[in-house]
Amino acid sequence: MDLSLSDEQKQLKDAAERFVRDKYTFENRRKIAATERGWLPENWAQFAELGWLGMSFSEEDGGYGGGPIETMIVMEEFGKGLVLEPFLPTVVLGGGMIASAGSKAQKEALLAPMIEGKKQFALAWLERQSRYNLADVSLKATKEGAGWSLSGHKGVVYNAPSADHIIVLARTAGSAREPKGLTLFIVDAKAKGISRRDYPTQDALRASELTFDKVSVGADAVLGKVDEAFPVVEGAVDRAIVALCAEATGCMDAINAATLEYIKTRKQFGVPIGKFQVLQHRMVDCFTNAQEARSMTLMASLKIDDKDPTVRAKAASGAKVQIGKSGKFCGQSAVQMHGGMGVTDELSVSHYFKRLTMIDLMFGNQQHHLTRYSNLAMAA
Amino acid sequence: MDLAFTPEEQKFADDVRAFVRANLPADVRDKVKNGKHLIRDDYMRWQQALGKKGWLVYTWPKKHGGPGFTPAQRYIFENICAEEYAPGIIPFGTKMVGPVIYTFGSEEQKAKYLPAIRESTVWWCQGYSEPGSGSDLASLRTKAEKNGDHYIVNGSKTWNTMGHWADWIFCLVRTDPKSKPQEGISFLLIDMKTPGITVKPIIMADGGHEVNEVFFDNVKVPVENLVGKENEGWTCAKFLLANERLGIAAVPQSKRGVEALKDIARAEREDGKPLIENQSFAEKIADLEIQVTALEFTELRVLSQMAHGGQPGPEVSGLKIRGSEIQQRITELTMEAVGEYAAPYLPGLLWQGTNEEPVGPSYAHLAAPRYFNTRKTTIYGGSNEIQKGIISKMVLGL
């Protein structure tokens, strides 16, 4: 056993650190967030050039043969800078699903250009009633000649405003919430019948509500097998969860560092407030929480490609529970220790806090994953 | 000892409810009910209606023009106002500077300032914290130097709530730079229209503007605006803080918040069933409701004690600690109930009151901003760390 990074992985970490340092100062990030798109094409081009868009895919899929550890390394640095480019929806979710379930033709048409930075994706899975149940899908796809017709609604679709293709989870058979009978469709984002309402999110990302009104797609739009999409989506979401955990770990490092610096310099009652034991202990708890989060993220990154689906699911849910708990503790503590300044828009602290809060809500919060973990662990 | 209301108290409750229903403007009620942003005029219309009835300063004794409510009446009044979706009464005049003026002020000051507070014709704001003086309030440095019949005020104040709407500000200023921190402070009333005052907005984490920095550049303040004795303002400051901390417990608002949370948990679905049927989540709400009940009965004990003479003591610090934590917990669970639909950020709907359609259910866009914003409750009015320090020293003698 060896948990240290290889030389290549160290170089990757250095490059990601450098990118965040150069391109994601807090003021720069504020400017990027205020642009129409909410991210910068030049940064995306740089990701392609550095090989980050293809690093976690196999060589036969046109990638560079890395895996979840490479994703973890980059996502953690992205977390430190609160990077806004749509890496998670495009590469981890979209690219991940095409790599795992796509046909040769789909990989050539979509994955290869994505790795070159020329295509972006969004995953439309959530509906108004779904909460965190990936199988609670009512958007319907019905047979229409050789192809399909899609009608229904999808909500909070991250990166939909920029995506070239929307990957839609639709019901092709079965009853509500039945895992069987779900099918994934790759739909051109500009297809006739799709209407979009775009908005920013609390943490400065971009998302949309999508309405599908008899959107026609060909048979070749099906990603994977008809009626058999559930395990594909579940696997992709679990990988996305682990990537999010890495991002959260980076956020926690950054917010803890900012807080530590603040309590060392902010003086009240004639001394730095870090001299007060009540703050010292809280700071220690923040540090410990971030350590646990890092450990669980590493564990999950190492197990997420395990051949046993239960091992994978437990790893992702276990890490998400930890991240929810640690992220909330570090975020709330950072705000509290910064006092009034912590609740202002001016300092980065509130922005890390918001991102950590939203990460907990994404793909199932702490409670949801505790229940999922509990069901998996007690069944065994 | 009797928990039940007497027939007189029941009659009073009926009167309060009838009054609120008849006098709370419908548009203001609608805004409060739907969590919309209120503007100055919304508060003023409601407060002036209360003022006409003599109930705006419901905590004041009769001799200063208050209604002289018993603790039971206070409790009834606050709860019914919250249940009927009345906006919270802005405390700066009614609960902060008003009682300072009738306790420490001159007869002239009482005559000049109290009627306008009782009737809500003047909007007050607070000048306490400074950029370098937060928890350590006594280290404040805004100075007032006497020059004939005026003070010349220089410095800055921060976390000034709603100062951009205010007509007057009450300030703690340093009048003796040489003495011990607490001993050289005075309590001054300043007209916000005085030349040399600049109000600069502070944008909060939720994107809203409710607090400001206020800068004083050679601001001339007549000496008759000093409340109490020069260099003895710390007494007024402490008196005011104790009153402020009592209000911060916000029990009626929290009771309303728990009910609203239950409504959301009934409306939200999980696996096709109401979220409230999720045992884990229901137990979290139950735990919260128990916390609110403990807080409510602690506050009732304090009120009862006050009815038998005396000002709120150090035990009030405990109310602030628990009250603020409960307010935060309500927003945390509300966000949990809303789930991924808490993510959309809709500033138009939040702050400008536009008619933009909400994304998802109508309550969803409020959940995260409220959670972020409510982090302030354990910080303001003396952070909870400071409150715990007070209790350990003053109550426990540690």
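Modeller: Happy to. Domain bounds here come from an automatic or database domain assignment. For chain A of this predicted model, that assignment gives domain 1 (7-118), domain 2 (122-230) and domain 3 (234-379).

Let's start with the helix pair α5 (residues 87-101) and α6 (residues 104-115) of chain A. Their axes come within 10 Å and cross at roughly 155°. Angles over 145 degrees count as roughly antiparallel, so α5(A) is roughly antiparallel to α6(A). The crossing of the two helices is left-handed. On the α5(A) side, the contact is made by T90(A), G95(A), I98(A) and A99(A), and α6(A) brings Q106(A), K107(A), L110(A), L111(A) and M114(A).

The contact is built from G93(B), T94(B), G98(B), I101(B) and Y102(B) of α5(B), together with Q109(B), K110(B), Y113(B), L114(B) and I117(B) of α6(B). Its residues divide into five nonpolar, four polar and one charged.

Y85(B) sits between α4 (71-83) and α5 (91-104) of chain B. Its phi is near 60°, a positive value in a residue other than glycine. That is worth a glance, because most residues other than glycine have a negative phi. Y85(B) is partly exposed, since 16 other C-beta atoms lie within 10 Å.

F363(A) has a positive phi of about 55° although it is not a glycine. F363(A) is found in the loop between α10 (348-361) and α11 (366-379) of chain A. F363(A) counts as buried because it has 21 C-beta neighbours inside 10 Å, where the cut-off is 20 or more.

To finish, back to the domains of chain A. The C-alpha centres of domain 2 and domain 3 of chain A lie 30 Å apart. Six residues of domain 2 are in contact with eight residues of domain 3 in chain A. On the domain 2 side, the touching residues divide into three nonpolar, two polar and one charged.

Terms used: Residues numbered from 1 in each chain as written. Chains lettered and ligands numbered in written order. Predicted model: local features only at pLDDT ≥ 70, side-chain atom pairs only at ≥ 80, totals over all residues. Axes fitted to C-alpha atoms, helices over the stretch in contact; angles between N-to-C directions. Helix = DSSP H or I, 4+ residues; strand = E, 2+ residues; numbered from the N terminus. Parallel < 35°, antiparallel > 145°, perpendicular 65-115°, else oblique. Left-handed = near helix turned anticlockwise from the far one by under 90°. Contact = placed C-beta atoms within 7 Å. Nonpolar A, V, L, I, M, F, W, Y, C, P; charged D, E, K, R; others polar. Buried ≥ 20, exposed ≤ 12 C-beta atoms within 10 Å, placed from the backbone.
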